[in-house]
Amino acid sequence: MTGERRIGLLTLVLAAASVCAAQETRRTVTNPSPNPKDDTKPNSSSVPDAYALIGRFDRIVVIRLKARTNLLAGIAKVVQEQHIQNGVFLSGIGSLRGYEVHSVANRDLPTQDTIVKNPTQPADLVSVNGYVINGRVHAHMTLATPDKVIAGHMEAGNEVYTYAIVTVGVMNGTNLDKIDDKGYR
């Protein structure tokens with residue numbers, strides 16, 4: 001085998017190896033409402049186009065997660081321990097060993113989500129926002145890798161790299177019941 005041919009073969013092998021090393025996966029799932037008829041119902045005139053909820057922060061809770069902790073599970077654990085029923089995520093920073101997010105993938109009900117996951121791509125956690133609603137975490141996040149920015153709903157496949165800090169403004173006296181109910185329209 002000539003030297004030129006060996007270099008070509010080596011280049012091909014390295015290119016194939018780099019493609020095999022890429023771990024990002026994408027899948028799309030459909031999420032019908034608990035009552036599928038809700039996905040076809042029209043908007044109700046009894047539900048305002050926009051409305052305000054007035055509340056006050058009872059306290060601010062700063063959550064710190066150590067290396068190799070599951071981001072979403074760690075947040076949910078502290079929310080439960082701190083008896084946070086309703087709140088708003090004010091900030092979030094840190095780094096992750098890999099990521100998993102989902103974002104909307106269609107324009108008509110029932111909703112479809114595309115889940116993007118890469119357990120081997122480290123990323124900076126640039127921001128966390130969203131709500132705690134009746135003790136349930138509904139968090140979104142923005143991430144940065146050397147090649148791109150990724151944003152969406154926080155999923156379970158996010159492992160902390162160095163640390164993560166997430167701040168929650170607790171609003172337990174405010175009723176956020178329908179704030180993220182896609183059927184309330």
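Ile60 sits in strand β2. Helices (H or I, at least four residues) and strands (E, at least two) are DSSP runs, numbered from the N terminus. The model is a predicted one, in which local features need pLDDT of at least 70 and side-chain atom pairs count only at pLDDT 80 or more, while totals for chains, interfaces and linings use all residues. Residues are numbered from 1 along each chain as its sequence is written, and side-chain values use heavy atoms, with hydrogens and water left out.

Ile60 has a relative accessible area of 47% and is partly exposed; the scale runs from buried (under 20% relative accessible area) through partly exposed to exposed (over 50%), with a 1.4 Å probe and protein chains only. Leaving aside neighbours within four places in sequence, Ile60 is in contact with Leu90, Thr167, Val168 and Gly169, where contact means heavy atoms within 4.5 Å. Glu155 is 95 residues from Ile60 along the chain, and the C-alpha atoms of the two are separated by 24 Å.

The protein chain has two helices and nine strands, in the order α-β-β-α-β-β-β-β-β-β-β from the N terminus on. Its radius of gyration is 21 Å, whereas a compact globule of 185 residues would have one near 16 Å; the radius is taken over C-alpha atoms, and the globule rule is 2.2 Å times the number of residues to the power 0.38. The C-alpha trace spans about 80 × 40 × 20 Å along its principal axes. Of the 185 residues, 32% count as buried. Among contacts with a separation of 6 or more, 76% are between residues 24 or more positions apart.

Ile75, leaving aside its neighbours within four places in sequence, is in contact with Ile63, Leu65, Phe89, Val137, Met154 and Val166.

Why is strand β5 (residues 111-118) largely enclosed by the rest of the structure? Six of its eight residues are buried, so β5 counts as largely enclosed. β5 pairs with β1 in the antiparallel sense over seven bridges; two strands pair if DSSP finds at least two bridges between them. Thr114 in β5 is the bridge partner of Thr28. β5 also pairs in the antiparallel sense with strand β4 (residues 99-104), over six bridges, and there Asn118 in β5 is the bridge partner of Tyr99. β4 and β5 form a hairpin with six residues between them. Pro110 lies in the loop between these two strands, and the peptide bond from Leu109 to Pro110 is cis, with omega near 0°.

Arg68, in the loop between β2 and α2, has a positive phi of about 70° although it is not a glycine. Arg68 is exposed, at a relative accessible area of 56%. His83 counts as exposed at 60% relative accessibility.

The segment after β9 includes Thr174. Thr174 is buried, with a relative accessible area of 7%. Neighbours within four places in sequence aside, Thr174 is in contact with Leu53, Ile54, Gly55, Arg56 and Asn86.

The structure holds one aromatic pair. Tyr51 and Tyr184 form this pair, which is edge-to-face, with 6.3 Å centre to centre and 90° between the planes. Rings of Phe, Tyr and Trp (its six-membered ring) pair if their centres lie within 6.5 Å, and planes under 30 degrees apart count as stacked, over 60 as edge-to-face and the rest as tilted. Tyr51 lies in the loop between β1 (25-31) and β2 (59-66) and Tyr184 in the segment after β9 (160-170), so the pair ties together parts that are 133 residues apart in sequence. Tyr51 is partly exposed at 42% relative accessibility, and Tyr184 is partly exposed at 31%.
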